[in-house]
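This report covers salt bridges, a helix crossing, a surface patch and some backbone features. The sequence and the structure come next.

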Amino acid sequence: MPVSHHASGAARPVVAKPFYASFGFQVIAAMVIGILLGLLARNMGNNPAGDPNWLAQTLSTIGSIFVQLLRALVPPLIFTAIVASISNLRQLSNAAALVWQTLLWFAITALIAVVIGIALGLIIQPGLNTQIAAEAAKAPSSTGSWIDFLKGLVPANILGLQASTKITDGSATTSLNFNVLQILVVSIAVGVAALKVGDAAEPFLAFNRSLLALTRKILWWVIRLTPIGTIGLLGNAVAQYGWQTLSQLGWFSGAVYIGLAIVLFVVYPVILTLHGLSPARFFAGAWPAIQLAFVSRSSIGTLPVTEAVTEKSLGVPREYSAFAVPLGATTKMDGCAAIYPAIAAIFVAQFYGVPLSIQDYFLIVFVSVIGSAATAGLTGAVVMLTLTLSTLGLPLAGVGLLLAVDPILDMGRTAVNVAGQALIPTIVSKRAGILNQAQYDNAGGIDALDTDAAPQPA
């Protein structure tokens, strides 16, 4: 009988679970239930006062609580995981080469994705085939700029916290948010410093490993709620926006999803095949993370599952994946930062009748490949799009044309983001000769929600 091993090294027999106990089945079933409940809530209409009905409010509350629980634990996870992984990189003889190869392949796949986006924008011409009226355009509430990106690199405080205050009806409400990019910078600095001070840092590193183990355990408890969160998130999306909103921007939405499909099911499999890896095995292993990304619309919230499948299903060494996956979750966004802004920028130019030169297309490529980190800790694709439009000198009001379908598009964008975040560590490990090929060939044999399958601190 096949056996698996606990962290202590003791062997235990693998007990086959019924299909309905698997993570994949539970999420798919939850998606179906969420869509049905969302359609029911939408058909029920609003209350007489114009507020959402009780079912829509319930779905919204369930979904927002689930994402909030995930996001609350992400800062300590990123900090402790990056610090631990940097200290463990010294165990790898080619650590520097791994880091540079990771960044290089981030750029290569982003370049391929943005070129596909530009090509689809020119072929399909979504801006010339839209049914939406120009009066629907409005300036976005948040924008991105190169100054914001550069300022975002410099931590305002050790926790990477940002405070924002909104005044509504004469009352002020202050909320705290974390800047993922700043947390990443702080954790890298602390990890490198720990290596430099040597033995004096060992007590801190031991505490960091202990905190990492505790954080991961709590995260896995939260992730077990994924099916419930899926019902709320997907149901709320259907109830609030409805699939019919795609009709007004059908050509644009179709171009985006065609581009995402090409990257996910053509480009990624070709890259895997060229490296001697089975695409089917990759998707079998990474599918739990891709599913969660689709329904949660959060690369950061999906980070624990992405890290688990990368290590336990795809065979990437823990010392490397613990660095590459969190880094990818903040900067590797082929969906939000490559496909989407390329097609959207061309849409806005076509809609407003602004001709784009060859230099403008090169600017789109540059922003997508270099500026994707500007989305970290901000508002994802909207910030990336405004950064692209402002670089090209296109009207930012064009973003308002696309907001109606953004949540629906964001599902596919985030799924592609997370797939890329699992792909790059896998192929870099293969190229470096450190990939556990036997583990990869058995991808999909581990339930992502199995506590024993969850990654443990090295």
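A salt bridge is taken here as a side-chain nitrogen of Lys or Arg within 4 Å of a carboxyl oxygen of Asp or Glu. The model is predicted, so local features need a pLDDT of at least 70 and side-chain atom pairs count only at pLDDT 80 or more, while totals for chains, interfaces and linings use all residues. Residues are numbered from 1 along each chain as its sequence is written, and side-chain values use heavy atoms, with hydrogens and water left out.

**Salt bridges**

Side chains of opposite charge can pair when their charged atoms come close. Under the rule above, the count is four salt bridges. Among them are the pairs in the table.

| Salt bridge | Closest N and O atoms |
|---|---|
| Arg-318 with Glu-311 | 3.7 Å |
| Asp-406 with Arg-413 | 3.1 Å |
| Arg-413 with Asp-410 | 2.9 Å |

Burial is classed by relative accessible area: buried is under 20%, exposed is over 50%, and partly exposed lies in between (1.4 Å probe, protein chains only).

Arg-413 and Asp-410 both lie in helix α16 (residues 406–432), three residues apart, which is about one turn of the helix. Helices are DSSP runs of H or I with at least four residues, numbered from the N terminus. Salt bridges with shared partners link Asp-406, Asp-410 and Arg-413 into one network. The relative accessible area of Asp-406 is 11%, so Asp-406 is buried. Asp-410 is buried at 10% relative accessibility, and Arg-413 is buried at 1%.

Helix α16 also contains Gly-412. This glycine is buried, with a relative accessible area of 6%. The C-alpha atoms of Gly-412 and Ala-293 are separated by 8.5 Å, and the two residues are 119 residues apart along the chain.

**Helix crossing**

Axes are lines fitted to C-alpha atoms, for helices over the stretch in contact, and angles between N-to-C directions run from 0 to 180 degrees. The axes of helix α3 (residues 95–124) and helix α11 (residues 318–331) come within 11 Å and cross at roughly 30 degrees. Helix α3 is therefore roughly parallel to α11, a class for angles under 35 degrees. The crossing of α3 and α11 is right-handed, the term for a near helix turned clockwise from the far one by less than a right angle.

**Backbone at Gln-125**

Most residues other than glycine have a negative phi. Gln-125 is not a glycine, yet has a positive phi of about 50 degrees. Gln-125 is found in the loop between α3 and α4 (146–153). With 35% relative accessibility, Gln-125 counts as partly exposed.

**Nonpolar patch**

Patches are made of residues with over 30% relative accessible area and no salt bridge; nonpolar side chains (Val, Leu, Ile, Met, Phe, Trp, Tyr) are joined within 5 Å, like charges within 9 Å. Accessible areas come from the Shrake-Rupley method with a 1.4 Å probe, and for residues only the protein chains shown count as cover.

Which residues make the nonpolar surface patch of about 510 Å²? They are Phe-265, Val-266, Val-270, Leu-274 and Trp-287. Helix α8 (residues 250–274) gives the most to the nonpolar patch, with four residues. Phe-265 is found in helix α8 and is partly exposed, with a relative accessible area of 48%.

Notes: Helix = DSSP H or I, 4+ residues; strand = E, 2+ residues; numbered from the N terminus. Parallel < 35°, antiparallel > 145°, perpendicular 65-115°, else oblique.
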